[in-house]
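Let's take a friendly walk through one protein model. Keep the picture beside you as you read, and look up each residue when it comes along.

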Amino acid sequence: MPTAPGNRPQPSPALPRAASACRPVPDVVAYLTGRWSIERRVLDVRAGAEGSFRGIAEFRPEGADGALLHVEEGELTWADAVHPAGRTLWLRPRPDGTAEVEFADGRPFHDLDLRTGHWHTVHPCAADRYAGTFTVTGPDVWQLEWRIDGPAKEAVLRSVYRRR
């Protein structure tokens, strides 16, 4: 990992954006449906600390509107300790093959459009800014990077999802 003056770790460049590295996805809900393994690196830029998450993501149809329930479960390794971790989101399909992503309680999170195989989105969270980059690299592999900047946090989360 690159370091800045004072040996403070710096996040490496964003995920690839080259068109040749992206695989178009005409229907995000159809593509994501199923089970995926997750490998995630977590970097707290301010503290210079790193951790990892390994687990499973399941995108399963729930309800009459064609929505997918996205459930992640696994273990977060941080500071030589292992903790159970997870999250739950909703993907609400749109007729054009894109989706609206919501938190488990129904609050809006972000849009998701993988028709080019690449998507960038921003979510404000209080005074912090979450910038997400989604890149589909194959029929069974996609990557997600979240960069969080603000007064409360400065972090980078890089995830690779592989179909199981």
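This is a predicted model: local features need pLDDT of at least 70, side-chain atom pairs count only at pLDDT 80 or more; totals for chains, interfaces and linings use all residues.

A charge sits over a ring if NZ of Lys or CZ of Arg is within 6 Å of the ring centre and within 35 degrees of the ring normal. With that in mind, look at Arg-92: its charged end sits over the ring of Trp-90, 4.6 Å from the centre. Arg-163 likewise lies over the face of Tyr-31, at 5.4 Å from the ring centre.

Residues are numbered from 1 along each chain as its sequence is written, and side-chain values use heavy atoms, with hydrogens and water left out.

**The sheet**

Strands are DSSP runs of E with at least two residues, numbered from the N terminus; two of them pair if DSSP finds at least two bridges between them. Here, ten strands form an open sheet with antiparallel pairing, in the order β6-β5-β4-β3-β2-β1-β10-β9-β8-β7. At its edges are β6 (108–112) and β7 (118–125), each pairing on one side only. Direction ignored, neighbouring strands of this sheet are turned by 20° against each other on average (axes are lines fitted to C-alpha atoms, and angles run from 0 to 180 degrees between N-to-C directions).

Now zoom in on β1 (residues 34–44) and β2 (residues 49–61), which pair in the antiparallel sense over eleven bridges. Ser-37 has Ile-56 in β2 as its bridge partner, and Asp-44 stands opposite Ala-49 in β2. The two strands form a hairpin with four residues between them, and Gly-48 in the turn has a positive phi of about 70°.

On its other pairing, β2 is joined to β3 (residues 68–78) by eleven bridges, again antiparallel. Leu-69 in β3 is the bridge partner of Arg-60. Six residues lie between the strands of this hairpin, where Gly-63 takes a positive phi near 85°.

**Two alanines in loops**

Which residues other than glycine have a positive phi near 55°? Ala-79 is one of them, and Ala-126 is another. Ala-79 lies in the loop between β3 and β4 (81–93), and Ala-126 in the loop between β7 and β8 (128–138). Both are exposed, with relative accessible areas of 64% for Ala-79 and 82% for Ala-126. (Buried means under 20% relative accessible area, exposed over 50%, and partly exposed in between, using a 1.4 Å probe and protein chains only.)

**Rings and core**

Rings of Phe, Tyr and Trp (its six-membered ring) pair if their centres lie within 6.5 Å; planes under 30 degrees apart count as stacked, over 60 as edge-to-face and the rest as tilted. The structure holds nine aromatic pairs. Two stacked pairs are shown here:

| Pair | Centre to centre | Angle between planes |
|---|---|---|
| Phe-103 and Phe-109 | 4.5 Å | 25° |
| Phe-134 and Trp-142 | 6.2 Å | 15° |

Phe-103 and Phe-109 are both buried, and so are Phe-134 and Trp-142. These residues belong to one aromatic cluster, whose members also include Tyr-31, Trp-36 and Phe-59.

A nonpolar core is a set of buried Ala, Val, Leu, Ile, Met, Phe, Trp, Tyr and Cys residues joined through side-chain atoms within 4.5 Å. The largest one has 28 residues, and those with the most contacts inside it are Leu-32, Trp-36, Phe-59, Leu-91, Leu-112 and Trp-142. Leaving aside neighbours within four places in sequence, Trp-142 is in contact (heavy atoms within 4.5 Å) with residues including Leu-32, Trp-36, Phe-59 and Phe-134.
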